[in-house]
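Visitor: I would like to learn how to read a model like this one. Please take me through it feature by feature.

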Amino acid sequence: MGAMARDPQLPTHWFNILHDRPQYVTSAVSRSRLAGPVKAAGPGALLQQPLALARQSINTADRFIPIPREVLDLYAQYRPTPLRRAARLEERLGANARIYYKYEGANLTGSHKLNTALAQAYYYAQAGVKHLVTGTGAGQWGTAIAYACQLTGLDCTIFWVRSTLRQKPARGEMMRLFGAVVHESPSNLTEVGRRALKEDPAHPGTLGGATGEALALAGADSESRFAVGSGENSVLLHQTVIGQEAVSQLAQLGEFPDCVIACMGAGSNFGGIALPFLGAGKDSGRSVRLVAAESAACPKLTRGRYLYDLSDALGTTPITKIYSLGNTYVPPVVYAGGLRHHSAGPLASAMYADGSVEALAIDQVTSFQAGLLFCETEGILPAPEAAHAVAGMMDVVSRHPRREPPLVVLVNISGHGLLDLGAYRKFADGEIQPVTADEASLSRSLSALEEFNRAIAEPAESQS
Ligand SMILES: Cc1ncc(COP(=O)(O)O)c(C=O)c1O
């Protein structure tokens, strides 16, 4: 097959923030719990990633990392993605702002997740892997990796969080259409799934649990690997095509944003749009405010602790310092399944810890209201996750004083909500209530997290 004609605006490199800010390199605590923090000990080895991917998570040498030609050809199917001014929304809000949005829903699978799915599937196929296994929350990641596997000739198995799987049957059909095998999580197929079902036969599932099941299945077969949908530095790196395009699309309009807003699952969507603006801001001496919109049901940044934790329920992921609600936290069921992860990834967490990022916790009623307004004014129905970003953006804009010059804001619409119509209908029928984190279960889980940190802080001698 010949190379597809590529738009000259399609970035040829990923932007690597670790070059400008090497302090963000992932550090992991040794699993033996005996050593102190070990620099970059974890992800590559533990997840058995191809070298190229593992290196991407710790590379501080290269500011730009070339995108393989094969991946560029796949990106060319749907990139560059549109950047538009939300003029009708501005008018409706009476906003003292120029609101721009980047739209990542205009691909077959429906979200930004395809940007890393294509890259990962490519690297794994190159490395001779035959089968990718993953866990998915919203189902957007599952759909993207299923399609990427189909394109690169890999088998694909997906553990999908039960509560969301049942909300969106059409997404499951899409995954199967691309050849993936889809399991409801918790399942009876793995020990971690069986444990959750024993605790509660009606367990709604969690992303940490689905990830744990996927890791268990992948670990049992030498030709299978676990593919990670968010959080890892390499995943954020792949997503920087979004922000790089947006930097140049805005520059063509003579704009640089005062504020960039995106929703936060584990951070790849947020990092994808935000990180290139840090780079561009550094180059041009301008500063940019970065705002992460998280779910009030799973407020890891605004109510979590910056401590060492695992990102899966199996306990095989690296023990990294992250903003977390504790890996035993079972977030209440909300329709933004992609924001239901108990922790942010290490890079997004480090950025929040050093004050580079602000966070807003948004409840689902506010987000559905914002999503419907965006649909009415801009002709795009945002995914429930992306609707949190719209609500966050509206909050920021509403606080901007009238006497100031208009605020220039950029919001990422990370996916479409056309397979979330059931949720929007329920909202329109008044059946959806605001959901916030449950105090009792949050404090139980945070106590367990603190206890875990005391344990891993113990010196070697006292472990025997
Ligand atoms: C449409 C959409 N937006 C945002 C997110 C959150 O993604 P991330 O974990 O990359 O922050 C998800 C996660 O599934 C999603 O499906």
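Visitor: Which residues does Gln244 touch, not counting residues up to four places away in sequence?

Guide: First, keep in mind that this is a predicted model. Gln244 touches Pro11, His13, Trp14, Phe15, Phe64 and Pro276, with residues up to four places away in sequence left out of the list. Gln244 itself is found in helix α12.

Visitor: Is Gln244 buried or exposed?

Guide: The cut-off to apply is a relative accessible area under 20% for buried. Gln244 has 16%, so it is buried. You can read Thr211 by the same rule: its relative accessible area is 10%, so it too is buried. Thr211 sits in helix α11, residues 207-219. Its contacts, again not counting residues up to four places away in sequence, are Gly135, Phe226 and Asp312.

Visitor: How do I read the burial of a whole helix, and which residues of α10 are buried?

Guide: Start from the general idea. An α-helix has 3.6 residues a turn, so residues three or four places apart point the same way. In helix α10 (residues 191-199), the buried residues are Val192, Gly193, Ala196 and Leu197. Seen down the axis, they fall within an arc of 135°, so they line one face of α10. They pack against α8 (162-167) and α11. On the face turned away from the buried side, α10 carries the exposed residues Lys198 and Glu199.

Visitor: Which residues are buried in α18?

Guide: In α18 (residues 421-428) they are Ala423, Tyr424 and Phe427. Their arc around the axis is only 95°, which puts them on the same side of α18. The cover over these buried residues includes α16 (364-378) and α17 (384-398). Just after α18 comes Gly430, with a positive phi of about 75°.

Visitor: Now for pairs of helices. At what angle do α7 and α9 pack?

Guide: For a helix pair, read the angle, the distance between axes, the hand of the crossing and the residues in contact. Helix α7 (residues 140-152) and helix α9 (residues 169-177) pack at about 15°, and their axes are 8 Å apart. Angles under 35 degrees count as roughly parallel, so α7 is roughly parallel to α9. The crossing of α7 and α9 is left-handed. On the α7 side the contact is made by Gln140, Gly142, Thr143, Ala146 and Gln150, and on the α9 side by Arg171, Met174, Met175 and Leu177.

Visitor: And how do the axes of α6 and α12 cross?

Guide: The axes of helix α6 (residues 114-126) and α12 cross at roughly 130° and come within 8 Å. The two helices are therefore oblique to each other. Their crossing is right-handed. Asn115, Thr116, Ala119, Gln120 and Tyr123 in α6 meet Val235, His238, Gln239, Val241 and Ile242 in α12.

Visitor: Next, sheets. In what order do the six strands of the mixed sheet stand?

Guide: The six strands form an open sheet in the order β5-β6-β16-β11-β12-β15, with mixed pairing. The edge strands are β5 (83-85) and β15 (358-362); each has a single partner strand, so one side of each is left without a neighbour in the sheet. From one strand to the next the twist averages 25°. Strand β6 (residues 97-103) and β5 pair in the antiparallel sense over three bridges, and Leu83 stands opposite Lys102 in β6. Helix α12 (residues 233-252) packs on this sheet and touches β5, β6 and β16 (407-413), with its direction at about 135° to that of β6.

Visitor: What is the pairing in the sheet of four strands?

Guide: The pairing is parallel, and the open sheet has the order β9-β8-β7-β10. At its edges stand β9 (181-185) and β10 (224-226), each with a single partner strand, so one side of each has no neighbour in the sheet. The twist averages 20° from one strand to the next. Strand β7 (residues 131-136) is joined to β10 by three bridges, and the two run parallel. Leu132 has Arg225 in β10 as its bridge partner.

Visitor: Which helix lies across β7, β8 and β9?

Guide: That is α9, running at about 165° to β8 (155-161).

Notes: Residues numbered from 1 in each chain as written. Predicted model: local features only at pLDDT ≥ 70, side-chain atom pairs only at ≥ 80, totals over all residues. Heavy atoms only, no water. Pairing = 2+ DSSP bridges. Axes fitted to C-alpha atoms, helices over the stretch in contact; angles between N-to-C directions. Contact = heavy atoms within 4.5 Å. Buried < 20%, exposed > 50% of the residue type's maximum accessible area, 1.4 Å probe, protein only. Arc of directions from axis to C-beta. Parallel < 35°, antiparallel > 145°, perpendicular 65-115°, else oblique. Left-handed = near helix turned anticlockwise from the far one by under 90°.
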